[in-house]
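Here is my note on the model. Please read it with the structure open.

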Amino acid sequence: MSFSVDLLDGWNLLNKRTEGTLKSCGEFSSFLKQLSKCEKAYAASVVKLCKEQKKELQKAPPAEKEVGLLMACLETLCTELEVAAEAHNTFGDNLEKELSKAVGDYVKDKTKVRKQLEANSSKLTKDLKASHDNLGKARQKYVAASKEAEQAEQAQQKAKLDMTLKPAQLAKAQSKAQEMADKAQQADQTYQQTLSATNAHQNDYYRSSMPQLLAEFQAFEDERLRYFKDTLAKFNDLHAQPPRTRTQVCETIAAAVAAIDVDADIVTYVNDNKTNVVPPEDIVYLSWNTDPVTLVPGRASGTGFAPEPRPASMMAVKPVGGGSSAAAPTGKYKPASGTQDTFSNRSWGLSADDSARMGTSEQQAKLREQLAELDRLVASETKSKDGLDNLVRFYASDPVAQRRAEDEARESQAKLERMQQARSTVQRQLEQLSGSNGHYSADSDPQPSAPEPPAGGFVRVRGLFDYESTNDTELSFKEGDILIVTEQDESGWWYAEIDGRAGFIPENYCEVIT
């Protein structure tokens, strides 16, 4: 999975992504600097307190002064606390010099790279838009010239039939007709040449230039994630240097750092932001007297012409507030990517071999990792189950397809129950290992949840053009009509209601209003 394939045409999303992640790095640099100040202030306070305590011990009147081994013990206590405080002071210095400043310098350097990527993406898109604009202008000239040529030809034919015209007037009409025909032919050639150049530019954009730029964005993100991972590992090394009272905390941090998987993080981003854009088909040649498809602003379809709406029977449905799209009726539903193999092909909980060869901390780390993975799998499968339930409702008029969707929904529910059983087993084992001090619960490690739906569970849209339904599952409407959309789908078909009627409408024939 890669940016150049799965995030095609998603350069704007990635510009925001790189800007936001560098901001996150900068905030982490500031956090380290503040933490450094806290550590050094704490160390100074402890040293001051210990020195004052030593003075108090020495200046006490003889009758009140501690003596012997108790006095020696109190002095040793203060001295050892000063040694421990110095370790905190050293830790604070290292945080500022070795991490905070280094991260800040890294952000400055990568900001220059990010700005260059943004400039390159902006230039690519502007150049492609210019090509499309030139194509539109060339076709307008071609249409205008062709109409003038037709009018001139009609005038010539009329002149031939007018017996009152003088030969000179007829010759003038013939000359005008020939001149307009030549101009129309030249405009047609220019239009065809511009069309060919635009298609070549568009093919290069989607198959070469843009994929290459997206690969540079992925390299940027890959390098940033690896740098952040290394920085966190260095932080843990420094944090382990003060007194070993933090041994358990350091082990937990080390386990968390070791669990960072750069490739898995990239896959997760892409899955959530898939643009689902593929290279468009070549723009077809349109003769001057052929009416173009209705033009819809903002559609990334090469020339801006709206695509032909697909039949509603070939689409999947997704609720407005989130959830997972159900599969189209042409194939069997497939579970969320990786869910089936990851869950079914793995043993959950501790085996007898684990108990024999692992220490308590290692067993706890393994169980916590399994709990996090099960939470992710349950969330993913829940989304898939929601999509199947929605598909069951969608196929209310198709009993065969509805039964198939119901069977798959039951399979998904059964798998969810197995996942919950596995999670309960892992949770119970972790509680047995941890006891009351290490209790693991949903409050300390919350499960992922689906995003909140918009208020009211629907959005309002206004019709941009008249639309006539092509079958009984679609909904007709007029330009300017206000519709209530209750379900959306990335395929471009939305489910809407108006005046007591309901059905599917093409997204590119309407606009969302507040």
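1. Basis. This is a predicted model, in which local features need pLDDT of at least 70 and side-chain atom pairs count only at pLDDT 80 or more, while totals for chains, interfaces and linings use all residues. Residues are numbered from 1 along each chain as its sequence is written, and side-chain values use heavy atoms, with hydrogens and water left out.

2. Make-up. The protein has 10 helices and six strands; these are DSSP runs, helices being H or I of at least four residues and strands E of at least two, numbered from the N terminus. Buried residues are 36% of the 514 in the protein (buried: under 20% relative accessible area; exposed: over 50%; partly exposed: in between; 1.4 Å probe, protein chains only).

3. α2 against α3. Helix α2 (residues 11-59) and helix α3 (residues 68-161) have axes that come within 7 Å and cross at roughly 165°. Axes are lines fitted to C-alpha atoms, for helices over the stretch in contact, with angles from 0 to 180 degrees between N-to-C directions. The two helices are therefore roughly antiparallel (over 145 degrees; under 35 is roughly parallel, 65 to 115 roughly perpendicular, the rest oblique). The residues of the contact of α2 with α3 divide into 22 nonpolar, 16 polar and 13 charged. Here Ala, Val, Leu, Ile, Met, Phe, Trp, Tyr, Cys and Pro count as nonpolar, Asp, Glu, Lys and Arg as charged, and the others, Gly among them, as polar.

4. α2 against α4. These axes lie 11 Å apart, at an angle of about 15°. α2 and α4 are therefore roughly parallel. Residues of α2 that meet α4 include Trp11, Leu14, Phe28 and Leu35; on the α4 side, Tyr205, Phe217 and Phe228 are among them. Contact means heavy atoms within 4.5 Å. By class, the contact of α2 with α4 has 15 nonpolar, five polar and three charged residues.

5. Aromatic pairs. The whole structure holds 11 (Phe, Tyr and Trp rings, Trp by its six-membered ring, with centres within 6.5 Å; planes under 30 degrees apart are stacked, over 60 edge-to-face, the rest tilted). Phe28 and Phe228 have ring centres 5.2 Å apart and planes at 55°, so the pair is tilted. Phe28 lies in α2 and Phe228 in helix α4 (residues 167-239), so the pair ties together parts 200 residues apart in sequence. Both Phe28 and Phe228 are buried.

6. A second pair. The rings of Tyr495 and Phe504 have centres 5.0 Å apart and planes at 75°, so this pair is edge-to-face. Tyr495 is partly exposed, at 26% relative accessibility. Phe504 is buried, at 3%.
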